[in-house]
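This report describes a structure for a reader who is new to the subject. Please keep the sequence and the three-dimensional view at hand while reading.

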Amino acid sequence: MAAITLKDIVKQYGDGFLAVKGVSLDIADGEFVILVGPSGCGKSTLLRMIVGLEDITAGELTIGGERVNDKAPRDRKLAMVFQNYALYPHLTVFENIAFPLRLQKGQFTEEQVTAKVEFAAKTLELQDHLQRKPANLSGGQRQRVAMGRAIVREAQAFLFDEPLSNLDAKLRGQMRTEIARMQRRLGTTTVYVTHDQTEAMTLGDRVAVLRKGELQQVASPRGLYEQPVNLFVAGFIGSPPMNFLPGEINGSTMRLPFADVPISADLARKLGGKNIVIVGIRPEHFEDANLLEESKVSSGVTFTAPVDVSEWLGSELYAYIPFETNPDVATTLEELDRDLDGEGLRTQLIVTLGSETKVRDGDEANLWFDPARMMVFDPETGENLTWDAEAAKTVDEENEADRKASLERAQAREKARA
Amino acid sequence: MKQLSTRAKWAWALITIFVLAYALFPIVSIFATSFKLPSQLNLGLFWPKTWTFVNYEEILAPGGSAQTLFLSSLRNSIGICLIATGIAVVLATLAAYAIARLDFPGKRLVLLTALGVSIFPVISIVTPLFNLWRNIGLYDTWLGLIIPYLSLTLPISIWTLAAFFRQIPWELEQAAQVDGATTWQAFRKAIVPLAAPGVFTTALIAFFIAWNDFVYGISLTSTDRARPVPAALAFFTGASQFEEPTGSISAAAIIVTIPVVILVLLFQRQIVSGLTQGAVKG
């Protein structure tokens, strides 16, 4: 169990390509940190540098207080679960899990090895499969064997490299909870790489968002959701993704494609002399005005808009409203769309409404939103001009307290069970 | 796969029989010849009029005219080919691992040289080699044959094993390294068991290439100290000046071919077994 510290880590390949551009990250002992970002952002490279399969071009990596830049993977006492499991096909499940123990010749007696393997198998419910070969197991079982191999060593930290991306959606959900349970139970520091923001939000104590080798923001999932520091983070976190609209400033009003919104003096001051900004509103912050109580309607902005396509999912309804974007911000938004692995087919507003709504495609919908939930971004730098440092700090402190409490509870449960 | 119609099945059966007959006819013919009496060789019959073991006795039993010649050449062949195969496989395993996993300057050069060496005509090297071996004393020795045989077996072994190693996913070694293995341990425990079918195939191919060699065998040896079987067969003599030793040669050919066929049949299962299925997803 150890803390991992990354200081200004840089990775440059032989041909000059910079995969990681100076990332600094502090991972506390027992923390579950997720590295998330679109493909090519350097998250897997960063993970491989932590485990030692890639050389670190510049920067310092410390594990448990020791500098490990030059140590071989075997000396770092870490355990890794690969994306495609990497199980030894010629060994049974038992031998696969026992492999790391057998490499340390003389350290463990045969009974100790068996005991450890069986404990790992029990944690992951693999007791019935110990004598089978990987070729005869399902995807989820193979994944659990890979995890078993990782936990049997009592390593300082666990590293996961997109372990769930090869599983189908339902299994992914089940395995996610398994991983969360396992981490809480063992209390080991974990670094988890994924491109799926749902996994990032649900599993992590803290999430580090990466883009093109640079760290955008490190915060709790709630911190990233409520106080994203820039356009990229805001667009990456949240499903369906945040809507980005051009906003024209006229004195104390902001003109959006479908409504005019009054802006507070504070905000007007922050915006300086800008004429045009990018406004972000999450789909879930819209409501069907017809279903709201009278008292609430006046606290926000109401507007009507034509709905092009609607998707009813049972628990909610997605309504798609196309709009014309401003050419000044079109380039920034297109670039953002590409970075987020999007297709960028057309500009449309996605609105999430409750399932009782009568809005259907072709309708003129009567919608409401609260301008206080709106986020305003600088069209050139992408910076979130409405970022509230105080609120972000409070959220993070709450999150840290929650994490410690949850860990203590899990450890107490473990002791009680033993 | 849709079921073949009866007509199609008959057609395929006929073609198969034809191909088998065409391919196996010479071997069956030699097999038949080896059981014929030398005096009855020219009778024009396919199967022996009288089945006899006299040809086999000639070459195997003590007192047979060709026995010392044949048995010593068999011993030479087996010894030289096994040693050449062993060395080639060990060296090729190490070379193929480096070629499949690492990127080093001169990698392409190594592969192209190997290819060039294997397609270079042997006959043009034989005369200078004969002179050189005589000068340094390797003429008519086992080592004098093992070294040229390495030039025959190494290139194909390197190419075959490199293809096998490329199929084994790199993650297995990386997982072994993270689990605490040194590079050598990772190679030995994770890769070698998976490469075993590849190594068997390569050893088999290398062995056959060495075994079938005639040019080196006949040019670089002069006595039964080092003469291998293909070369020895050329020296068989019949009972008199006018009698061809066809019978003994056929018997020798059968003795030499059958073990090889058995080896292939035995190892065929290993090669086809597909050991790496299930290790890695996708």
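## Chain A as a whole

Of the 418 residues of chain A in this predicted model, 39% count as buried. A residue is called buried if 20 or more other C-beta atoms lie within 10 Å of its own, exposed if 12 or fewer do, and partly exposed in between, with C-beta atoms placed from the backbone. Chain A contains twelve helices and 21 strands; helices (H or I, at least four residues) and strands (E, at least two) are DSSP runs, numbered from the N terminus. Along the principal axes, the C-alpha atoms of chain A fill a box of roughly 75 × 45 × 40 Å.

Contacts (C-beta atoms, placed from the backbone, within 7 Å) can also be sorted by separation along the chain. Among those in chain A with a separation of 6 or more, 72% are between residues 24 or more positions apart.

The model is predicted: local features need pLDDT of at least 70, and side-chain atom pairs count only at pLDDT 80 or more, while totals for chains, interfaces and linings use all residues. Residues are numbered from 1 along each chain as its sequence is written, and chains are lettered from A and ligands numbered from 1 in the order in which they are written.

## Two open sheets

Strands of a sheet pair through backbone hydrogen bonds, either parallel or antiparallel. Here, two strands pair if DSSP finds at least two bridges between them. In chain A, three strands form an open, antiparallel sheet in the order S15-S20-S16. Strands S15 (286–288) and S16 (301–306) of chain A each have a single partner strand and stand at the edges, so one side of each lacks a neighbour in the sheet. Neighbouring strands of this sheet are turned by 40° against each other on average, direction ignored; the axes are lines fitted to C-alpha atoms, for helices over the stretch in contact, and angles run from 0 to 180 degrees between N-to-C directions. S16(A) is joined to strand S20 (364–369) of chain A by six bridges, and Phe303(A) stands opposite Leu367(A) in S20(A).

Another open sheet of three strands in chain A has the order S17-S18-S19, again with antiparallel pairing. Its edge strands are S17 (309–312) and S19 (348–354) of chain A. Four bridges pair S17(A) with strand S18 (316–322) of chain A, where Trp312(A) stands opposite Leu317(A) in S18(A).

## Helix H11 of chain A

Helix H11 (327–339) of chain A has 13 residues and reaches 19 Å from its first C-alpha to its last, close to the 18 Å expected at 1.5 Å a residue. The expected span is 1.5 Å times one less than the number of residues.

Which residues of H11(A) are buried? They are Val329(A), Leu333(A) and Leu336(A). These residues cover an arc of only 55° around the axis, which puts them on the same side of H11(A); the arc is that of the directions from the helix axis to the C-beta atoms. They pack against helix H8 (231–236), strand S11 (243–250) and strand S14 (276–281) of chain A. The face of H11(A) turned away from the buried side carries the exposed residues Pro327(A), Ala330(A), Thr331(A) and Arg338(A).

## Where chain B meets chain A

In the interface, 23 residues of chain B are in contact with 25 residues of chain A. Helix H7 (170–178) and helix H8 (183–212) of chain B are the elements that give two or more residues to the side of chain B that touches chain A. The largest share of that side, six residues, comes from H7(B).

Note on methods. Contact = placed C-beta atoms within 7 Å.
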